[in-house]
Amino acid sequence: MTDKQFAVIGLGRFGLAVCKELQDSGAQVLAVDINEERVKEAAGFVSQGIVANCTSEQTVKELRLDEYDMIMVSIGSDVNASILTTLVVKEAGAKTVWVKANDKFHAKILTKIGADHVILPERDMGIRVARKMLDRRVLEFIDLGSELALTEIVIGHNLLGRPLSDLKLCQQSDVHVLGFKRGPNLVKAPELDISLEIGDVVIIAGPKELLANRLKSLS
């Protein structure tokens with residue numbers, strides 16, 4: 001849970017998804033768009049929804065966006081509105097402004113006018129998918145105390161079609177496979193002869209030092 005306040009400007013699919021995830025995590029979320037129907041859709045799950053044009057300095061001032069912990073500008077196809085909104089919000093004193101960009105040129109302009117972080121959703125998702133396809137990587141490493149830890153790893157191409165038992169960590173007597181995720185499906189305490197696919201996620205618990213050392217050279 002968090003008591004932070006966020007404002008999301010632009011309620012397309014990306015903006016709505018950001019709003020919902022923030023709200024579900026316990027944050028206070030202000031959803032803003034010039035389209036009344038989109039605001040009505042967001043109003044069903046956010047703290048507050050407002051129909052407003054944030055390219056206006058007066059509007060931004062009235063919304064007191066400088067009081068929010070972070071602003072997300074996720075305006076879609078209207079590049080000019082995205083740039084102007086970012087500029088106005090930054091000049092109004094917003095603490096941190098993240099902006100969704102449509103392409104590299106758009107991203108370059110946003111960076112130059114002061115955006116704190118620029119997101120290229122399709123590029124970023126493509127990179128994430130490629131990494132999952134090429135390499136097994138650690139998603140989480142959580143210290144459980146008492147010298148124990150829990151970790152999640154993604155299966156890469158080198159284990160495609162091989163059984164879970166071929167994962168070296170699974171061969172340790174003091175390491176336990178707690179779960180196995182494939183897409184939306186979660187299997188508790190899976191059989192070690194299950195055939196692995198790229199992108200599978202294995203949830204493992206065991207001695208912290210052993211996990212930390214073995215994760216450096218998993219095979």
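Okay, a definition to start: Ala, Val, Leu, Ile, Met, Phe, Trp, Tyr, Cys and Pro count as nonpolar, Asp, Glu, Lys and Arg as charged, and the others, Gly among them, as polar. What we have here is a predicted model, where local features need pLDDT of at least 70, side-chain atom pairs count only at pLDDT 80 or more, and totals for chains, interfaces and linings use all residues. Residues are numbered from 1 along each chain as its sequence is written, and side-chain values use heavy atoms, with hydrogens and water left out.

So, pockets. By pocket I mean an open set of points on a 1 Å grid over the protein atoms alone, where a 1.4 Å probe fits, with protein on both sides within 12 Å along at least five of seven lines; lining residues have an atom within 4 Å of a point. Volume is the space filled by probe spheres set on those points, which are joined across faces, edges and corners.

The largest pocket comes out at about 450 Å³. It's lined by 24 residues, and G10, D33, R38, I75 and G76 are the closest to its centre. That lining splits into 9 nonpolar, 10 polar and 5 charged. Helix α1 gives the most to it, with 3 residues; helices here are DSSP runs (H or I, at least four residues), and strands are E runs of at least two, numbered from the N terminus.

Now the second largest pocket, about 240 Å³. V18, L22, M70, M72 and W98 are the closest to its centre, out of 13 lining residues.
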